[in-house]
Amino acid sequence: MDAKKLVVGMVVGTIVLWLVGRLIWVMAFAGFFAANVGGATGVFREDPMMWPVILGHIAIAALVTFAIVWSGSYTLGGGFKIGAIVGFLLWFGVDFIHYGNLDVRTLTATIADPFFELIRTGIGGAVIGVVLGRLATEDPASSA
């Protein structure tokens, strides 16, 4: 993979993942997750620190970008599928490890979260796939 694809995928993916994440967890389902916290109290920050949140989104965008480039899925549907699989498996694992070790969510929220991630990283993957596909058609030498 060339550096241009990685950087473009990471930038585009980070923006899309953050925006879709805000729509899902802050706007649409904030009440659901607030109603499904575990027994631990005082663990959520009143004002989240943005630099670690951004770094996390960059890492997820890089992972999805690597998977898309590896698979060659430079389409809307192909990018969605790859992003959804990566996001679901990643967060299924993290959520259940957290559930086993931390008391911050109920089992209901632990089960639901990977499905929301499937949507978020699927959309991020779709956008990354399309953008990288356009990059490949503009510069045929970069499609390898």
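Contact here means that heavy atoms lie within 4.5 Å of each other. The structure shown is a predicted model, in which local features need pLDDT of at least 70 and side-chain atom pairs count only at pLDDT 80 or more, while totals for chains, interfaces and linings use all residues. Residues are numbered from 1 along each chain as its sequence is written, and side-chain values use heavy atoms, with hydrogens and water left out.

**View A. Overall architecture of the protein.** The secondary structure comprises 5 helices and 0 strands (DSSP runs, H or I of at least four residues for helices and E of at least two for strands, numbered from the N terminus). Read from the N terminus, the order of elements is α-α-α-α-α. Along the principal axes, the C-alpha atoms fill a box of roughly 55 × 25 × 25 Å. The protein has 144 residues, of which 38% count as buried (buried, under 20% relative accessible area; exposed, over 50%; partly exposed, in between; 1.4 Å probe, protein chains only). The accessible surface amounts to about 8100 Å², and 72% of this surface belongs to carbon and sulfur atoms (Shrake-Rupley method, 1.4 Å probe; for residues, only the protein chains shown count as cover). Among the contacts with a separation of 6 or more, 80% are made by residues 24 or more positions apart.

**View B. The crossing of helices H1 and H5.** Two packed helices are described by the angle between their axes and the distance between the axes. Helix H1 covers residues 3-28 and helix H5 covers residues 107-138; their axes come within 9 Å and cross at roughly 145° (lines fitted to C-alpha atoms, for helices over the stretch in contact, with angles from 0 to 180 degrees between N-to-C directions). The crossing of H1 and H5 is right-handed (near helix turned clockwise from the far one by less than a right angle; left-handed if anticlockwise). By class, the contact of H1 with H5 has 15 nonpolar, 5 polar and 5 charged residues (nonpolar: Ala, Val, Leu, Ile, Met, Phe, Trp, Tyr, Cys and Pro; charged: Asp, Glu, Lys and Arg; polar: the others, Gly among them).

**View C. Val20 and its surroundings.** Val20 is placed in helix H1 and counts as buried, at 12% relative accessibility. Leaving aside neighbours within four places in sequence, Val20 is in contact with Arg120 and Ile123. The C-alpha atoms of Val20 and Gly124 are separated by 8.1 Å, although these residues stand 104 residues apart along the chain.

**View D. Aromatic residues around Phe116.** The count of aromatic pairs in the model comes to 8 (ring centres of Phe, Tyr and Trp, the last by its six-membered ring, within 6.5 Å; stacked if the planes are under 30 degrees apart, edge-to-face if over 60, tilted for the rest). The ring centres of Trp25 and Phe116 lie 6.5 Å apart with the planes at 75°, so this pair is edge-to-face. The pair links distant parts of the chain, with Trp25 in helix H1 and Phe116 in helix H5, 91 residues apart. Both partners are buried: Trp25 has a relative accessible area of 19%, and Phe116 has 13% relative accessibility. Phe29 and Phe116 form a tilted pair, 4.4 Å centre to centre with 45° between the planes. This second pair also joins distant parts of the chain, 87 residues apart, with Phe29 in the loop between H1 and helix H2 (30-34) and Phe116 in helix H5. Phe29 is partly exposed, at a relative accessible area of 32%. Trp25, Phe29, Phe32, Phe33 and Phe116 form one aromatic cluster.

**View E. Thr14 in helix H1.** Thr14 belongs to helix H1 and is buried, with a relative accessible area of 13%. Beyond its neighbours within four places in sequence, Thr14 is in contact with Gly9, Ile54, His57, Ile58 and Ala61.

**View F. Leu132 in helix H5.** Leu132 lies in helix H5 and counts as buried, at 0% relative accessibility. With neighbours within four places in sequence set aside, the contacts of Leu132 are Lys5, Val8, Gly9, Thr65, Ile68, Val69 and Tyr74. Leu132 and Val69 are 63 residues apart in sequence, with a C-alpha to C-alpha distance of 8.3 Å.

**View G. Thr41 in a loop.** Thr41 is found in the loop between H2 and helix H3 (50-71). Thr41 is exposed, with a relative accessible area of 70%. A separation of 41 Å divides the C-alpha atoms of Thr41 and Leu76, which are 35 residues apart along the chain.
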